[in-house]
Amino acid sequence: MSYKIKAFQTSQMEAKYTLQQLALRNGQDKPEIWVAYLGKIYDVTESRLWRNGKHYEHWAGQDLSAELKDAPHTETVFQKFKQVGILI
Ligand code: HEM
């Protein structure tokens, strides 16, 4: 019984990643392409606009919170992407 409760709690927990782990998802080192924005990490692997980890002059695998102000769009662009975890 206690085993089942533990398994449930694990599945509900948010995955946490460090900047170093995020850096590997830059479109070059691992197949996944991730971008962090305001503490949340999004999987943009399926986006053709982030192919090979590059988006205009920006690179994936980083916390790009401060860079959004340079974009011609708002944070609503993240809506259609899955949040894979949080940045710690
Ligand atoms: C010079 C800076 C940038 C330019 C010129 C740029 C341009 C664009 C354009 C034209 C689009 C598609 C149209 C739209 O959704 O409005 C787009 C989508 C997107 N941008 Fe940017 N962007 C820039 C910076 C950034 C930054 C810093 C981030 C992350 C913090 C970002 C994240 C995204 C995402 C997630 C999408 C959606 C991709 C998709 O729907 O496949 N962009 N960007």
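A: Begin with contacts: two residues are in contact if their C-beta atoms, placed from the backbone, lie within 7 Å. This is a predicted model. Among its contacts between residues at least 6 apart in sequence, 68% join residues at least 24 apart.

Q: How many helices and strands does the protein have, and what pattern do they follow along the sequence?

A: There are two helices and six strands. Along the sequence they follow the pattern α-β-α-β-β-β-β-β.

Q: In what order do the four strands of the open sheet lie?

A: The order is 1-6-3-2, and the pairing is mixed. Strand 1 (16-17) and strand 2 stand at the edges; each has a single partner strand, so one side of each is left without a neighbour in the sheet.

Q: Which strands pair with strand 3, and in what sense?

A: Strand 3 (residues 40-43) pairs with strand 2 (residues 34-37) in the antiparallel sense, over four bridges. Strand 3 also pairs with strand 6 (residues 82-87), again antiparallel and over four bridges. Individual bridges can be followed by residue. Tyr42 is the bridge partner of Val35, and in strand 6 the partner of Tyr42 is Gln83. Ile41 has Gly85 as its bridge partner in strand 6.

Q: Is Tyr42 buried or exposed?

A: A residue counts as buried if 20 or more other C-beta atoms lie within 10 Å of its own. Tyr42 has 23 C-beta neighbours inside 10 Å and therefore counts as buried. Leaving aside neighbours within four places in sequence, Tyr42 is in contact with Trp34, Val35, Tyr37, Phe78, Phe81, Lys82, Gln83 and Val84. One of these, Phe81, is 39 residues away along the chain, yet the two C-alpha atoms are separated by 6.2 Å.

Q: Which residues form the largest nonpolar core?

A: The general idea comes before the list. In soluble globular proteins, nonpolar side chains tend to be buried together. Here the largest nonpolar core has 10 residues: Leu22, Ile33, Trp34, Val35, Ala36, Ile41, Tyr42, Val44, Trp50 and Ala60. Strand 2 and strand 3 are the elements that give two or more residues to this core. Strand 2 gives the most, with three residues. Buried residues make up 17% of the 88 residues in the protein.

Q: How should I read a positive phi?

A: Most residues other than glycine have a negative phi. Leu38 has a positive phi near 50°. Leu38 belongs to the hairpin of strand 2 and strand 3, which has two residues between the strands. Leu38 counts as exposed because it has 12 C-beta neighbours inside 10 Å. Tyr56 also has a positive phi near 50°, and is found in the loop between strand 4 (54-55) and strand 5 (58-59). With 11 other C-beta atoms within 10 Å, Tyr56 is exposed.

Q: Which residues come nearest to the ligand?

A: Of the 18 residues around the ligand, Ser47, Leu64, Ala71, His73 and Val77 come nearest. The shell divides into 11 nonpolar, four polar and three charged residues.

Terms used: Residues numbered from 1 in each chain as written. Predicted model: local features only at pLDDT ≥ 70, side-chain atom pairs only at ≥ 80, totals over all residues. Pairing = 2+ DSSP bridges. Near = placed C-beta within 6 Å. Nonpolar A, V, L, I, M, F, W, Y, C, P; charged D, E, K, R; others polar. Core = buried A, V, L, I, M, F, W, Y, C linked by C-beta atoms within 7 Å.
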